[in-house]
Amino acid sequence: MTDQTPIQPRAEVLGGLTPYLQVDGAFKAADFYKKAFGAKQVFAYPADEQGRTMHIHLHVNGSTLMLCDAYPEHGHPHKAAQGYTLQLHLDDGDIETWWQRAVDAGCAVVTPLQVMFWGDRWGQLNDPFGVAWAMNAPVK
């Protein structure tokens with residue numbers, strides 16, 4: 001192998017399904033998710049000469065979230081997020097803290113936290129990268 005890039009140890013993948021988001025500015029998104037959702041970065045491939053990365057691995061609320069930048073020159077242009085929501089399942093006593101931290105970090109409220117027809121507290125936010133996030137907690 002001629003590549004001298006240091007290899008980081010493999011990070012543990014948490015949960016059974018891993019969302020992998022392509023965003024415009026993966027390092028900025030990872031930093032934002034640390035502030036907004038308490039994410040912990042467990043792996044990141046170094047930035048290229050344009051500041052992009054092909055892979056960042058985060059742990060959020062006991063689950064894995066992976067991010068990358070777009071690489072249009074390799075057939076992967078950036079497309080705006082649409083048609084999905086990342087949902088955080090929380091305890092009733094934690095949802096207010098998680099919600100406020102996300103709002104304070106810069107998420108826009110789409111649907112305020114409220115008790116929904118299924119009996120849980122639920123609300124939806126959009127982050128500055130165009131990703132929809134929801135929070136759900138059972139009412140005790």
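Aspartate 31 counts as partly exposed, its relative accessibility being 39%, where buried means under 20% relative accessible area, exposed over 50% and partly exposed in between (1.4 Å probe, protein chains only). This is a predicted model, in which local features need pLDDT of at least 70 and side-chain atom pairs count only at pLDDT 80 or more, while totals for chains, interfaces and linings use all residues. Residues are numbered from 1 along each chain as its sequence is written, and side-chain values use heavy atoms, with hydrogens and water left out.

Aspartate 31 forms a salt bridge (a side-chain nitrogen of Lys or Arg within 4 Å of a carboxyl oxygen of Asp or Glu) with lysine 34, and the closest N and O atoms are 3.4 Å apart. Both partners belong to helix α1 (residues 26–37), where they are 3 residues apart, about one turn of the helix; helices (H or I, at least four residues) and strands (E, at least two) are DSSP runs numbered from the N terminus. Lysine 34 is also partly exposed, at a relative accessible area of 33%.

## Further charged pairs

The structure holds 4 salt bridges. Arginine 121 counts as buried at 16% relative accessibility, whereas glutamate 96 is partly exposed at 42%.

Salt bridges that share partners join Asp48, Arg52 and Glu73 into one network. Within it, arginine 52 pairs with aspartate 48, the closest N and O atoms being 3.0 Å apart, and both of these residues are buried.

## Aromatic contacts

A search of the whole structure finds 8 aromatic pairs, a pair being rings of Phe, Tyr and Trp (its six-membered ring) with centres within 6.5 Å, counted as stacked if the planes are under 30 degrees apart, edge-to-face if over 60 and tilted for the rest. The rings of tyrosine 33 and phenylalanine 129 have centres 6.3 Å apart and planes at 70°, so they form an edge-to-face pair. This pair links distant parts of the chain, with tyrosine 33 in helix α1 and phenylalanine 129 in the loop between β7 and β8 (132–138), 96 residues apart.

Tyrosine 33 is buried, with a relative accessible area of 0%, and one aromatic cluster is formed by Phe32, Tyr33, Phe37, Phe129 and Trp133.

## Pocket and cavity

Of its 15 lining residues, Pro19, Ser63, Thr64, Leu86 and Gln87 are the closest to its centre; a lining residue has an atom within 4 Å of a point. The elements giving two or more residues to this lining are β4 (63–68) and β5 (85–89), and β5 gives the most, with 4 residues.

One cavity of 30 Å³ or more is found, a cavity being a set of grid points where a 1.4 Å probe fits but cannot get out. The lining of the largest cavity consists of Gln22, Val23, His78, Lys79, Ala80, Ala81, Tyr84, Phe129 and Val131.

Definitions and conventions. On a 1 Å grid over the protein atoms alone, a cavity is a set of points where a 1.4 Å probe fits but cannot get out, and a pocket is an open set with protein on both sides within 12 Å along at least five of seven lines; lining residues have an atom within 4 Å of a point. Grid points are joined across faces, edges and corners, and a volume is the space filled by probe spheres set on the points.
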